[in-house]
Amino acid sequence: MPTRAQIRTRTLRRADAVGSPRWDTTAGSSGEVDQILGLAFDKEWRRILNANRYYRYAKRTPTSNSSGRYVLSDLDSGSGDTVQRLYRIIKVVIDDILYKHSRFDLWPQAEDKGWSPRVWWREGDDVFALPKQASKAATGIYVNHIPARIDNLSADTVNITFPDGYEDIGCLEAAALILSKGGAETQASSELKALAEEMRADMLQDIARLSTEPLRFEPEDSAMDWAG
(Lines give C-alpha, C1' and ligand atoms only; values in the text may rest on other atoms or scores of the structure.)
Protein backbone atom coordinates (compact mmCIF):
# COMPACT_ATOMS: atom_id res chain seq x y z
CA MET A 1 0.00 0.00 0.00
CA PRO A 2 1.26 3.53 -0.75
CA THR A 3 1.95 5.99 2.06
CA ARG A 4 0.07 9.24 2.59
CA ALA A 5 3.00 11.18 1.15
CA GLN A 6 2.97 9.04 -2.00
CA ILE A 7 -0.79 9.48 -2.39
CA ARG A 8 -0.46 13.25 -2.04
CA THR A 9 2.28 13.33 -4.68
CA ARG A 10 0.25 11.18 -7.08
CA THR A 11 -2.74 13.47 -6.61
CA LEU A 12 -0.73 16.62 -7.30
CA ARG A 13 0.74 15.03 -10.41
CA ARG A 14 -2.74 14.10 -11.65
CA ALA A 15 -3.76 17.73 -11.16
CA ASP A 16 -0.52 18.97 -12.77
CA ALA A 17 -0.06 20.95 -9.57
CA VAL A 18 3.32 19.82 -8.23
CA GLY A 19 5.06 22.85 -6.74
CA SER A 20 2.07 25.15 -7.31
CA PRO A 21 1.50 27.78 -4.58
CA ARG A 22 -2.29 27.67 -5.12
CA TRP A 23 -2.81 24.73 -2.75
CA ASP A 24 -1.61 24.16 0.80
CA THR A 25 0.30 20.85 0.85
CA THR A 26 0.96 20.85 4.61
CA ALA A 27 0.84 17.26 5.89
CA GLY A 28 -2.12 16.22 7.99
CA SER A 29 -5.51 17.64 8.86
CA SER A 30 -4.35 21.26 8.62
CA GLY A 31 -3.28 20.88 4.98
CA GLU A 32 -5.73 21.68 2.16
CA VAL A 33 -4.67 18.82 -0.12
CA ASP A 34 -4.75 16.22 2.66
CA GLN A 35 -8.20 17.45 3.74
CA ILE A 36 -9.44 16.92 0.18
CA LEU A 37 -7.82 13.47 0.10
CA GLY A 38 -9.59 12.58 3.35
CA LEU A 39 -12.93 13.59 1.84
CA ALA A 40 -12.33 11.78 -1.46
CA PHE A 41 -11.20 8.48 0.03
CA ASP A 42 -13.98 8.49 2.64
CA LYS A 43 -16.53 8.84 -0.19
CA GLU A 44 -14.95 5.91 -1.99
CA TRP A 45 -15.11 3.73 1.12
CA ARG A 46 -18.83 4.41 1.45
CA ARG A 47 -19.31 3.36 -2.16
CA ILE A 48 -17.31 0.19 -1.54
CA LEU A 49 -19.36 -0.80 1.51
CA ASN A 50 -22.59 -0.11 -0.34
CA ALA A 51 -21.40 -2.47 -3.09
CA ASN A 52 -20.30 -5.15 -0.60
CA ARG A 53 -21.34 -4.63 2.99
CA TYR A 54 -19.02 -7.40 4.20
CA TYR A 55 -15.83 -5.99 2.65
CA ARG A 56 -14.80 -4.61 6.07
CA TYR A 57 -16.97 -5.87 8.92
CA ALA A 58 -16.62 -6.86 12.54
CA LYS A 59 -18.51 -8.02 15.61
CA ARG A 60 -18.97 -5.63 18.53
CA THR A 61 -20.23 -6.60 21.99
CA PRO A 62 -21.28 -3.31 23.62
CA THR A 63 -23.26 -3.01 26.85
CA SER A 64 -26.40 -0.88 26.97
CA ASN A 65 -26.50 2.12 29.31
CA SER A 66 -28.90 2.68 32.22
CA SER A 67 -31.69 3.69 29.80
CA GLY A 68 -31.26 0.52 27.73
CA ARG A 69 -29.54 2.25 24.80
CA TYR A 70 -26.39 1.12 22.99
CA VAL A 71 -24.22 4.15 22.23
CA LEU A 72 -23.23 4.36 18.57
CA SER A 73 -19.68 5.41 19.42
CA ASP A 74 -19.25 2.01 21.13
CA LEU A 75 -19.59 0.45 17.68
CA ASP A 76 -16.32 2.06 16.58
CA SER A 77 -13.08 0.28 17.45
CA GLY A 78 -9.44 1.15 17.86
CA SER A 79 -7.87 4.57 17.61
CA GLY A 80 -5.40 6.57 15.58
CA ASP A 81 -4.11 4.91 12.42
CA THR A 82 -5.99 1.66 13.08
CA VAL A 83 -9.41 3.12 14.00
CA GLN A 84 -12.47 1.37 12.56
CA ARG A 85 -15.28 3.90 12.13
CA LEU A 86 -18.86 2.68 12.07
CA TYR A 87 -20.61 2.91 8.71
CA ARG A 88 -23.70 0.66 8.88
CA ILE A 89 -25.16 -1.90 11.26
CA ILE A 90 -25.57 -5.29 9.57
CA LYS A 91 -27.20 -7.42 12.28
CA VAL A 92 -28.11 -7.13 15.96
CA VAL A 93 -28.06 -10.25 18.17
CA ILE A 94 -29.00 -10.11 21.87
CA ASP A 95 -29.40 -13.18 24.10
CA ASP A 96 -28.49 -15.23 21.01
CA ILE A 97 -31.67 -13.95 19.31
CA LEU A 98 -31.52 -12.15 15.97
CA TYR A 99 -33.33 -8.82 16.23
CA LYS A 100 -35.01 -7.21 13.22
CA HIS A 101 -34.46 -3.62 12.11
CA SER A 102 -37.59 -1.53 12.60
CA ARG A 103 -38.78 2.05 13.26
CA PHE A 104 -40.00 3.88 16.34
CA ASP A 105 -43.29 4.89 14.70
CA LEU A 106 -44.24 1.20 14.41
CA TRP A 107 -43.71 0.66 18.17
CA PRO A 108 -44.39 4.03 19.87
CA GLN A 109 -45.76 2.51 23.11
CA ALA A 110 -43.58 -0.58 23.28
CA GLU A 111 -41.05 0.81 25.77
CA ASP A 112 -43.72 2.08 28.17
CA LYS A 113 -45.79 -1.09 27.90
CA GLY A 114 -42.83 -3.45 28.25
CA TRP A 115 -43.48 -5.23 24.97
CA SER A 116 -40.89 -7.66 23.57
CA PRO A 117 -41.03 -7.64 19.77
CA ARG A 118 -37.25 -8.26 19.36
CA VAL A 119 -36.57 -5.25 17.12
CA TRP A 120 -34.08 -2.37 17.03
CA TRP A 121 -33.75 1.09 15.51
CA ARG A 122 -31.53 4.12 15.59
CA GLU A 123 -32.43 6.77 18.15
CA GLY A 124 -30.20 9.82 17.65
CA ASP A 125 -26.70 8.79 18.74
CA ASP A 126 -27.92 5.48 20.15
CA VAL A 127 -29.32 2.12 19.11
CA PHE A 128 -32.45 1.08 21.01
CA ALA A 129 -33.56 -2.55 21.16
CA LEU A 130 -36.84 -3.97 22.42
CA PRO A 131 -37.38 -5.37 24.96
CA LYS A 132 -35.62 -2.62 26.87
CA GLN A 133 -32.75 -3.99 28.95
CA ALA A 134 -30.43 -1.76 30.97
CA SER A 135 -26.74 -2.70 31.30
CA LYS A 136 -27.23 -5.59 28.87
CA ALA A 137 -24.25 -6.92 26.90
CA ALA A 138 -25.19 -7.69 23.31
CA THR A 139 -24.29 -11.11 21.98
CA GLY A 140 -23.04 -9.29 18.92
CA ILE A 141 -23.76 -6.17 16.92
CA TYR A 142 -22.25 -6.75 13.50
CA VAL A 143 -21.12 -3.62 11.68
CA ASN A 144 -19.11 -2.59 8.68
CA HIS A 145 -16.55 0.14 9.07
CA ILE A 146 -14.37 2.74 7.37
CA PRO A 147 -10.64 3.11 8.12
CA ALA A 148 -8.93 6.22 9.43
CA ARG A 149 -9.19 9.33 7.26
CA ILE A 150 -6.03 9.99 5.30
CA ASP A 151 -5.65 13.49 6.76
CA ASN A 152 -5.88 12.06 10.29
CA LEU A 153 -3.05 9.53 9.90
CA SER A 154 -0.24 10.09 12.36
CA ALA A 155 2.53 10.59 9.78
CA ASP A 156 3.24 10.82 6.06
CA THR A 157 5.03 7.46 6.24
CA VAL A 158 1.87 5.58 7.29
CA ASN A 159 0.33 3.38 4.58
CA ILE A 160 -3.22 4.15 3.55
CA THR A 161 -5.94 1.46 3.52
CA PHE A 162 -7.66 0.91 0.18
CA PRO A 163 -8.30 -1.93 -2.30
CA ASP A 164 -4.95 -2.79 -3.82
CA GLY A 165 -4.41 -1.39 -7.30
CA TYR A 166 -7.31 1.06 -7.20
CA GLU A 167 -5.76 3.89 -5.14
CA ASP A 168 -5.72 6.18 -8.18
CA ILE A 169 -9.52 6.48 -7.98
CA GLY A 170 -9.21 8.53 -4.80
CA CYS A 171 -6.28 10.46 -6.27
CA LEU A 172 -8.28 11.32 -9.39
CA GLU A 173 -11.31 12.44 -7.39
CA ALA A 174 -9.12 14.54 -5.11
CA ALA A 175 -7.29 16.03 -8.10
CA ALA A 176 -10.66 16.94 -9.66
CA LEU A 177 -11.68 18.70 -6.45
CA ILE A 178 -8.35 20.52 -6.35
CA LEU A 179 -8.75 21.75 -9.92
CA SER A 180 -12.32 22.91 -9.32
CA LYS A 181 -11.06 25.51 -6.83
CA GLY A 182 -12.34 28.86 -7.99
CA GLY A 183 -13.79 27.29 -11.14
CA ALA A 184 -10.44 27.73 -12.87
CA GLU A 185 -10.01 24.21 -14.31
CA THR A 186 -13.55 22.85 -14.70
CA GLN A 187 -12.85 21.00 -17.97
CA ALA A 188 -9.78 19.24 -16.61
CA SER A 189 -11.70 18.47 -13.42
CA SER A 190 -14.52 16.83 -15.40
CA GLU A 191 -12.05 14.69 -17.37
CA LEU A 192 -10.43 13.42 -14.17
CA LYS A 193 -13.83 12.58 -12.66
CA ALA A 194 -14.80 10.66 -15.80
CA LEU A 195 -11.61 8.60 -15.59
CA ALA A 196 -12.23 7.95 -11.89
CA GLU A 197 -15.74 6.74 -12.68
CA GLU A 198 -14.44 4.30 -15.29
CA MET A 199 -11.95 2.85 -12.82
CA ARG A 200 -14.58 2.79 -10.06
CA ALA A 201 -16.91 0.65 -12.14
CA ASP A 202 -14.17 -1.98 -12.45
CA MET A 203 -13.35 -1.81 -8.75
CA LEU A 204 -16.95 -2.16 -7.57
CA GLN A 205 -17.50 -5.08 -9.92
CA ASP A 206 -14.47 -6.82 -8.41
CA ILE A 207 -15.56 -6.03 -4.86
CA ALA A 208 -19.22 -6.97 -5.20
CA ARG A 209 -18.50 -10.65 -5.84
CA LEU A 210 -15.53 -12.80 -4.85
CA SER A 211 -17.07 -16.07 -6.00
CA THR A 212 -17.83 -17.03 -9.59
CA GLU A 213 -20.96 -18.91 -8.50
CA PRO A 214 -24.32 -17.35 -9.47
CA LEU A 215 -26.34 -15.39 -6.95
CA ARG A 216 -29.56 -17.12 -5.85
CA PHE A 217 -32.88 -15.93 -4.45
CA GLU A 218 -33.12 -16.52 -0.70
CA PRO A 219 -35.86 -16.06 1.90
CA GLU A 220 -35.62 -12.94 4.06
CA ASP A 221 -36.11 -14.79 7.35
CA SER A 222 -33.41 -16.70 9.21
CA ALA A 223 -33.19 -20.26 10.45
CA MET A 224 -32.58 -18.68 13.87
CA ASP A 225 -36.20 -17.47 13.80
CA TRP A 226 -37.34 -21.07 13.59
CA ALA A 227 -34.79 -22.57 15.98
CA GLY A 228 -33.25 -24.32 12.99
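Which residues of α2 are buried? I looked this up before anything else, taking buried to mean under 20% relative accessible area with a 1.4 Å probe and protein chains only, and found Val33, Asp34, Ile36, Leu37, Gly38, Ala40, Phe41, Asp42, Glu44, Trp45, Ile48 and Leu49.

I note that this is a predicted model, in which local features need pLDDT of at least 70 and side-chain atom pairs count only at pLDDT 80 or more, while totals for chains, interfaces and linings use all residues. Residues are numbered from 1 along each chain as its sequence is written, and side-chain values use heavy atoms, with hydrogens and water left out.

**Helix α2**

I then asked what the buried residues of α2 pack against, and the list is α1 (4–14), β3 (85–94), β7 (140–146), α4 (167–179) and α5 (186–208), where contact means heavy atoms within 4.5 Å. I also checked the helix length: the 20 residues of α2 should span 28 Å at 1.5 Å a residue, and this agrees with the 29 Å between its end C-alpha atoms, the expected span being 1.5 Å times one less than the number of residues.

**Whole protein**

I recorded five helices and seven strands, both taken as DSSP runs numbered from the N terminus, with helices being H or I of at least four residues and strands being E of at least two. Along the sequence they follow the pattern α-α-β-β-β-β-α-β-β-β-α-α. Of the 228 residues, 39% count as buried, and the C-alpha atoms fill a box of roughly 65 × 45 × 30 Å along the principal axes.

**Pocket and cavity**

Volumes are the space filled by probe spheres set on the points, which are joined across faces, edges and corners.

The second largest pocket holds about 170 Å³ and is lined by 19 residues, with Pro147, Ala148, Leu153, Ile160 and Thr161 nearest its centre. Helix α2 (residues 32–51) gives the largest share of that lining, four residues.

I found one cavity of 30 Å³ or more, and the largest cavity has a volume of about 30 Å³. Its lining consists of Gly68, Tyr70, Ile94, Ala129, Pro131, Gln133 and Lys136.

Key
1 Å grid on protein atoms, 1.4 Å probe; cavity = no way out; pocket = protein on both sides within 12 Å on 5 of 7 lines; lining within 4 Å. Buried < 20%, exposed > 50% of the residue type's maximum accessible area, 1.4 Å probe, protein only.
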